[in-house]
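Hi,

Here is the structure I promised to pass on. Have a look at it first, and then read my notes below.

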Amino acid sequence: MEGWGAVYLQQVVNGLTIGSVYALIALGYTMVYGVLEMINFAHGDVFMVGSFVGLLVLALLAPSSSAAAGGGLLLVLGAVFLGAMASCGSLGVTIERVAYRPLRASSRLGPLISALGVSLFIQNAVMLLVGARPKAFPQLIPKQLYHVGGAVFTNVQVIILLASLLLMLALDQFVRRTRWGRAMRAVAQDAEAAGFMGVEVNSVVTLTFLLGSILAAGAGIMVGLYYGIVDFFMGYVAGLKAFTAAVLGGIGNLRGAMLGGLLLGLAESFGAGFVGAHWRDVIAFGVLITVLVLRPGGLLGEHLPEKV
Amino acid sequence: MGGFGRSGSRRSRPKLTERLRRASRFIGRSRHLQLLALLAALVVFGLQADEYLLDIGVLVGIYSILGLGLSIVIGQAGLLDLGYIAFYAIGAYWTALLSTYFGVPFWLLLPSAAALAAVFGVLLGYPTLRLRGDYLAIVTLGFGEIIRITLNNWRQLTNGPMGIMGIGHPRLALPGLGAFDFGLNVQAYYFLILVLDVVAVFVVARLARSRVGLAWKAIREDELAAGAMGVNVRRAKLLAFALGAAFAGAAGSFFAGRVGFVSPESFTFVESVLVVCIVVIGGSASIAGVILGAVVFIGLPELLREVARFRMLAFGLGMVVLMLTRPQGLLGQEWMGEPEKSRTEPEPEPALVPDL
C-alpha cells in the first residue's frame, strides 16, 4: 500500500469512469436545453431504455456470442451499441414529436409536466414489461485488472473512458464543423431568427433529440457493462446527476457538460471515499444546489439575464 | 313538509318533486349551501361507511391537504416544487421523534410540525429565490432527495430504513367524559382529517382572495412586471413556500399519529410526483380540482386493486394527454397564464410613417 497517493489515484480513476458516463447523458440535457430551453425530464429514462435494449440484443445474440469469442466480441458489442442507439434515437425523436412539440408555444410549466408524465410512463412501462427486480447485465468483456501506483482499475473502465471521450469528441466536432451543427448553434442562439434565415427549426430540434438519445443509449450500455446490473429505476438518479453535471458546467454549453460530468464524477467518488458510499447522492445534489445558488450560469456558462 | 300550507296538501306529488327541484336549484345557486351539502354528505359518509372505506377516506383527506398546500406553491404562485414530500416527511419525523423520545402529546406536535416545515420551506425558498421555473423544479427535487436519504442514513436518530415505531396516537381529554384515545379508531381519524381539510380549504380560499394571493397571481403571470408594480416578490415567494410547507408538515404529523409508524420509503420522489399530479390534473389553482384530484388519484386506485399496477403508467399518460388537450387541468379556470405572446404572434409591424 502506497498510502494516500494510491487512495487518491483510485478515486480519480473511479470518478473519471462514472463521470464520463454522466457527461454523455448530460450532453443530451444540455443540447435540448440549449435549443428549446426546456428540461427533458424523460432523458434519464431514455438512458435506462438503452440499457435494456442492449440487454435484449444480447439475449437475442446469446447463442452465437458464446460460440464466437474473441473476434466475435467486437461484432456483438457493435450490435448491442447499434441496436440500443437506434431504438433510443427513435424513442427520443418520438417523445419530442408527441409530447413536447405541440406544447412548444405554451407556458413554461406545460412541457415540464408533460416530460414528467413521459418519464413516469416509460419507467412504469419498462417495469411492467421486465419486472421491478434488477437484471444482471452479462459481462461481455473478459475482465483484466491493472495495478498502477497502488490503484486498481479494469479494462472495462479504460474502455468506458475512451469510448465516452470518443463520442464526446465526435459530437463536439459535429456541432462545430458541420452544416447541421451550425444550424443547431443558430437555433440555440435565436430560434426565430434562425428560422428567418432558412434554418429548418423543427428538423434541428429532431436532430438534437436524436443525438442526445444516441449518446444516452451509449451511456446506458456502458453502465450495464460497468456495474453489471440494470433496473427500471436507474434512469431517475442517473438522469438527475447528469442534469446536475449539465448545470455544473453551464447548461446549454456542450464542453461545459463534459467538464461538469467529469467533475461531478470526481466529487462523488471522493465524497463516497471519504464520507461513506451511502452519502454519494447527497453529495451530488448538494453540489447541484450549491452551484445553482452561487453560480446559476455554471462554470463555463455565461450569465444571461432572463429574456423579457 | 309543512309551512307552505294548503296548496301542498292538494296536489302533493308534483308539488314535492317541484319543491325538491326548487330546493336543489337553490342549493345549486348558493355556493355556501353547496359546500354545506357536501360537508353533510361527508359527515354521513363518516358515520355510515365501513372501516375500509373510512381508511380510504382518511388517505384521500391526507392527500387533499398535501394537494391544497402544494396548490399554493404551484397553482397560486406558479413555482414548480418537485420535492414537496420532504416537508411531509419533516412533519412526520418531527412527530415521530418527539413522541417516542419525549412523549410530547400529538396536539402540540401537529402545529409545531407545521411551523417546523414552514421554517424548512423558507430555508429552501431563500437560496432558490432567483431561480427560474425549471431550475427550481430540479433544486426542489434534489432537496427532497437529500431529506429522504438523510432520514435513511442517519441511523442513530431515525433508525434508518427500519423506521420509527410506537408513535403516540392523539388523545382528547373531554371534560367530564375522561380521555378519549384515538388509538386505531378509523372513524375518529376520519373526522379529525375532515376538520383539518375544512380548515385547509378555508385558508386556501381566503389566501387566494387576499392581498398576498393577488401578489402570487401577479408573480405567476409575470414576475418582472409584478416586481415593477411594487409587489415584494421575495417576500411573497417565501410566504408561498412557507405556507405550502406548513400544510405538508401538518399532514405529515397527522400521518405519523394515525399510522404510529414512519419510515423513509413513505417519502420517495414518486410521492412528490403524485401530489404534483393531484394538483395539476385537477386544476392547479382550483380547490375543487385539487380535491377531485385526490379522490381520483388516491381513492380510485385503492378501490380498483387489480389495476393498481398500472396506476403510475396511467398517471404518466394522463399527464401528457392533459397537457396536450387541457393544460389548465380538469376544473381549472386558467393555468400558468397565457402563452407567451411574443412567441405565438409577432408584434404588429408599425405602420410606415414617412419621416418628414
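Here is what I found, one helix at a time. Bear in mind that this is a predicted model.

Let's start with chain A. Just after it comes A:G131, which takes a positive phi of about 90 degrees.

Now chain B. Helix 9 of chain B (residues 186–209) has 24 residues and should span 34 Å at 1.5 Å a residue; its end C-alpha atoms are 35 Å apart, so the two agree. Its buried residues include B:Y189, B:Y190, B:F191 and B:D197. What covers the buried residues? Among others, helix 3, helix 4, helix 12 and helix 14 of chain B.

Two of those covering helices, helix 4 and helix 14 of chain B, also pack against each other, at an angle of about 140 degrees and with their axes 8 Å apart. Because of that angle, helix 4 of chain B counts as oblique to helix 14 of chain B. The crossing is right-handed. Where they meet, helix 4 of chain B brings residues including B:I56, B:Y63 and B:G67, while helix 14 of chain B brings, among them, B:I287, B:G293 and B:E302. Sorted by type, the residues of this contact are 11 nonpolar, 5 polar and 1 charged.

Cheers

Notes:
Residues are numbered from 1 along each chain as its sequence is written. Chains are lettered from A and ligands numbered from 1 in the order in which they are written. This is a predicted model: local features need pLDDT of at least 70, side-chain atom pairs count only at pLDDT 80 or more; totals for chains, interfaces and linings use all residues. Helices (H or I, at least four residues) and strands (E, at least two) are DSSP runs, numbered from the N terminus. The expected span of a helix is 1.5 Å times one less than its number of residues. A residue is buried if 20 or more other C-beta atoms lie within 10 Å of its own, exposed if 12 or fewer, and partly exposed in between; C-beta atoms are placed from the backbone. Two residues are in contact if their C-beta atoms, placed from the backbone, lie within 7 Å. Axes are lines fitted to C-alpha atoms, for helices over the stretch in contact, and angles run from 0 to 180 degrees between N-to-C directions. Angles under 35 degrees count as roughly parallel, over 145 as roughly antiparallel, 65 to 115 as roughly perpendicular and the rest as oblique. A crossing is left-handed if the near helix is turned anticlockwise from the far one by less than a right angle, and right-handed if clockwise. Ala, Val, Leu, Ile, Met, Phe, Trp, Tyr, Cys and Pro count as nonpolar, Asp, Glu, Lys and Arg as charged, and the others, Gly among them, as polar.
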